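I opened my notebook to get to know a structure that is new to me. Here is what I looked up, entry by entry.

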Amino acid sequence: MEVETDMIQQYADKWGEEKGYEVEVIHESPSVQQFAQATNSTSGPDAVVGIPNDQLADYVNAGLAAEVPEDLYDDDDFSDAGVQACYVDGKRYAAPLAVETISLFYNTEKVSKVPDTWEELVETAAENGGVQFDATSIYYDLGFVRACGGYIFNYEDGAYDVSDIGLANDGAVQAYEFINDLCNQYHLISADVTADIARSNFQNGETAFYIGGPWDMDGFRSAGTPFAVTTMPTFHGEEFVTPVGTQVSFVSKKSKNQEMAWDFIMYLIDNGAVDLYEVGDRIPAKLSEQENEKIQENAVSKEFIEQINNGEPMPTVSEMGSLWDIHTNNIKSMWIGELSPKEAAENIKLQLEEASELMDAGKR
């Protein structure tokens, strides 16, 4: 959260004046090993603010994150995806600060009617301007898989079962068949279309549709791209589930100031969410803050909030880190005909199981 560092320091100063403490906010992206070393110092960090939730499990598994006090906050006060992102193995280790997801951008000069379904979108895009996104990535493909009944790891009672992988069931195979058609039947995407290329082509007016997030808007505005944002079209008759990224905050398990650290985290969430939104386009995870007039008067933010309500976090487990390259490589092999959609799905599941087994063996 580099752009928000100054704002967080301002709130740290306000909180410190009220409580009689001095707080130093440092912007760093340390590895788990570096953080572990820092916590052994007498001046080590008490808390981490605004870390992506997909990194949380690594800190928890390394024994570096303290559990959240039971009465610190009520889960019902926050977006469901934001809360789910704070749980690891059924226990709550963080507080949700901000949430973000991807949705459908469209060129307002090229598109007169926004498609309600992916089936309509494919037809419209094939005839008028195209649609681009990184379709090799599970980040963008999650909605297809979930709409057909697939999943990454089964989630129940606040925990993921990493032995229960749903990326090769009948629904997942059906989703991969559609993703294959996007390349080989409709010729809308290819392995050459990375997220950066897709963004550039939309920004330059070459494509009519693009899937991206709030982080793209400044570039489009600066370039004068005529765009609007809408929630994702349905697929297979179901809502399109997008991955919700959550900036979470946690307290070091070795901190001697845990109570005060949690107090500051909640102070920032309760008082600074809207200011952080204004400097970084990050939507507050707290539901009451999402209703703030400054946010509600922004049509784009309202669309993203609605899409967040149709989203879920990527699994907060260390095993998730193995999936990214596995998924990308198998989709590319499918597109060039080396694998059928069913074979690609089975390969993804098998390789993820093998990677998870290796990771588990390393823990023992």
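**The cavity.** I began with the lining of the largest cavity, made up of Pro214, Met217, Tyr277, Asp281, Ile283, Ser301 and Phe304. I keep in mind that this is a predicted model. By class, I noted five nonpolar residues, one polar and one charged in that lining. The space inside comes to about 30 Å³, and I found one cavity of 30 Å³ or more in the structure.

**The sheet.** Next I traced an open sheet of four strands, in the order E1-E11-E4-E12, with antiparallel pairing. Strands E1 (47-52) and E12 (283-284) stand at the edges with a single partner strand each, so one side of each has no neighbour in the sheet. I then looked at E4 (residues 95-100) and E11 (residues 245-251), which pair in the antiparallel sense over five bridges. Here Ala98 stands opposite Gln247 in E11.

**The aromatic rings.** I counted 28 aromatic pairs in the structure. One of them joins Trp118 and Phe144 edge-to-face, at 4.9 Å centre to centre and 65° between the planes. This pair links helix H5 to helix H6, with its two residues 26 apart in the chain. I checked accessibility too: Trp118 is buried at 0%, and Phe144 is buried at 0% as well. Phe144 also pairs with Phe133; their centres are 6.5 Å apart and their planes at 35°, so I wrote this pair down as tilted. Both rings belong to one aromatic cluster, whose members include Trp118, Tyr139 and Phe178.

**Charges over rings.** Last, I found the charged end of Lys14 over the ring of Tyr11, 4.5 Å from its centre. Arg92 lies over the face of Tyr73, at 4.1 Å from the ring centre.

Notes
Residues are numbered from 1 along each chain as its sequence is written. This is a predicted model: local features need pLDDT of at least 70, side-chain atom pairs count only at pLDDT 80 or more; totals for chains, interfaces and linings use all residues. Side-chain values use heavy atoms; hydrogens and water are left out. Two strands pair if DSSP finds at least two bridges between them. On a 1 Å grid over the protein atoms alone, a cavity is a set of points where a 1.4 Å probe fits but cannot get out, and a pocket is an open set with protein on both sides within 12 Å along at least five of seven lines; lining residues have an atom within 4 Å of a point. Grid points are joined across faces, edges and corners, and a volume is the space filled by probe spheres set on the points. Ala, Val, Leu, Ile, Met, Phe, Trp, Tyr, Cys and Pro count as nonpolar, Asp, Glu, Lys and Arg as charged, and the others, Gly among them, as polar. Rings of Phe, Tyr and Trp (its six-membered ring) pair if their centres lie within 6.5 Å; planes under 30 degrees apart count as stacked, over 60 as edge-to-face and the rest as tilted. Buried means under 20% relative accessible area, exposed over 50%, partly exposed in between (1.4 Å probe, protein chains only). A charge sits over a ring if NZ of Lys or CZ of Arg is within 6 Å of the ring centre and within 35 degrees of the ring normal.
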